[in-house]
Amino acid sequence: MPAPDTSFRDRLVAHASATDHYLTEIISQQSSGERVPERLRDAVKHAVLSGGKRLRPFLVIESAQLFGVSRDRALPVAAALECIHCYSLVHDDLPAMDNDTLRRGQPTVWSAFDEWTAILAGDALLTLAFEILSDPLNKIGSAEHRLALTQRLATASGWLGMVGGQCIDLEADKLGQPKDPDEAHVRKLQSMKTGALICFAVEAGAILGDATPDQFAAISRYGRALGLAFQIADDLLDVEGSADVVGKATGKDAEAGKATLIGVLGLNRARQELEAAHDDAHRSLAQFGPEADMLRATAGFVIKRDR
Ligand code: GRG
């Protein structure tokens, strides 16, 4: 097996390009007739095909490969998950939410188009995700697999997951509730808002590969640790990163009074938590051999990322 650090980036790029290809095809297939309004098509393209690390698709594909599942079978799941992720970014950037004008180094959808178009583009992407997942003509496999994935993705992205976490976040941000968010509050909101989709990404591979309950539990624990590491790294980028490199405005969390682990623990302890989450991600993969090296390398990438 090649050294994870060098081959990691190559594989990230390769899976990202396969995901981009899949998404480009499905968007153009669906919007080629006269039914999809051009404006909506352009806004969806802007939201989806404007860069992005494609980390969640990468995790779906690598986790699937750990369980012997081909990239072709995993790709529709990876693409569906990226649609949900992109919708969440489009809605998060709206004036009513985070009011951001820069995302992935480009104007956000609402600032390039307008608010109502951005809301509809997000809605279209949310529903497209489930259309992809439930399509019997794709390569995902059996109806049981598609059903299990559909149910889990719905839970991860809905009010028990990302949407619920976003609401808790905005309650702090807009309403000042709770007055003094503590560590448990921040952990809950982050595990729902960001962690749930990242955890789904790796669990999806285990579902596709019919993992044993033991393997599934290990992968789930890895997903939770990685989600936590990802969010702390994101909070650190907001404090220490530069907008030019990160591709979005930085320094916004403290200004908006956002509940973050840096806010409740301070910078040094937040950095220690990041290390601890990285180590936990590694420990959770103890039962796997070198075939899990890409997932191990991902934990390293997440804590060191600069965008
Ligand atoms: C609007 C329902 C709803 C939810 C929004 C994900 C989210 C919830 C908000 C995004 C706000 C944010 C900056 C969260 C921190 C973690 C995060 C999701 C960062 C962006 O993900 P990356 O770094 O982005 O994977 P790219 O652009 O690489 O895809």
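Guide: Rolling a probe the size of a water molecule over the atoms shows where empty space is left. On a 1 Å grid over the protein atoms alone, a pocket is an open set of points with protein on both sides within 12 Å along at least five of seven lines, whereas a cavity is a set where a 1.4 Å probe fits but cannot get out; lining residues have an atom within 4 Å of a point. In this predicted model, the second largest pocket has a volume of about 440 Å³, where a volume is the space filled by probe spheres set on the points, and points are joined across faces, edges and corners. Its lining has 20 residues, and Ser191, Gly195, Ala196, Cys199 and Arg224 are the closest to the centre.

Visitor: Which helix gives the most to the lining of the second largest pocket?

Guide: Helices (H or I, at least four residues) and strands (E, at least two) are DSSP runs, numbered from the N terminus. H9 gives the most, with nine residues, while H7 (143-157), H9 (183-208) and H10 (213-240) each supply at least two. By class, this lining has eight nonpolar, eight polar and four charged residues, where Ala, Val, Leu, Ile, Met, Phe, Trp, Tyr, Cys and Pro count as nonpolar, Asp, Glu, Lys and Arg as charged, and the others, Gly among them, as polar.

Visitor: How many cavities of 30 Å³ or more does a search of the whole structure find?

Guide: The search finds one; the largest cavity has a volume of about 100 Å³. Among its 13 lining residues, His46, Ala47, Ser50, Arg103 and Val109 lie nearest the centre. H4 (71-92), H2 (38-48) and strand S2 (106-107) each supply at least two lining residues, and the largest share, three residues, comes from H4.

Visitor: Why is H15 described as largely enclosed by the rest of the structure?

Guide: Buried means under 20% relative accessible area, exposed over 50%, and partly exposed in between, with a 1.4 Å probe and protein chains only. Eleven of the twelve residues of H15 are buried, so this helix is largely enclosed by the rest of the structure; among them are Asp293, Arg296 and Phe301. H15 (residues 293-304) reaches 17 Å from its first C-alpha to its last, close to the 16 Å expected at 1.5 Å a residue, a span taken as 1.5 Å times one less than the number of residues.

Visitor: Is Ser31 buried or exposed?

Guide: Ser31, in the loop between H1 (4-30) and H2, is buried, with a relative accessible area of 9%. Its side chain reaches the backbone oxygen of Ile27 at 2.6 Å. Leaving aside neighbours within four places in sequence, Ser31 is in contact (heavy atoms within 4.5 Å) with Val36 and Arg41.

Visitor: Which backbone angles deserve a look?

Guide: The peptide bond from Gln177 to Pro178 is cis, with omega near -5 degrees, and Pro178 lies in the loop between H8 (162-175) and H9. Asn99 has a positive phi of about 55 degrees although it is not a glycine, and Asn99 is partly exposed, with a relative accessible area of 43%.

Conventions
Residues are numbered from 1 along each chain as its sequence is written. This is a predicted model: local features need pLDDT of at least 70, side-chain atom pairs count only at pLDDT 80 or more; totals for chains, interfaces and linings use all residues. Side-chain values use heavy atoms; hydrogens and water are left out. A polar contact is a pair of N or O atoms within 3.5 Å; within protein, one must be able to donate a hydrogen and the other to accept it, and residues adjacent in sequence count only if both atoms are side-chain atoms.
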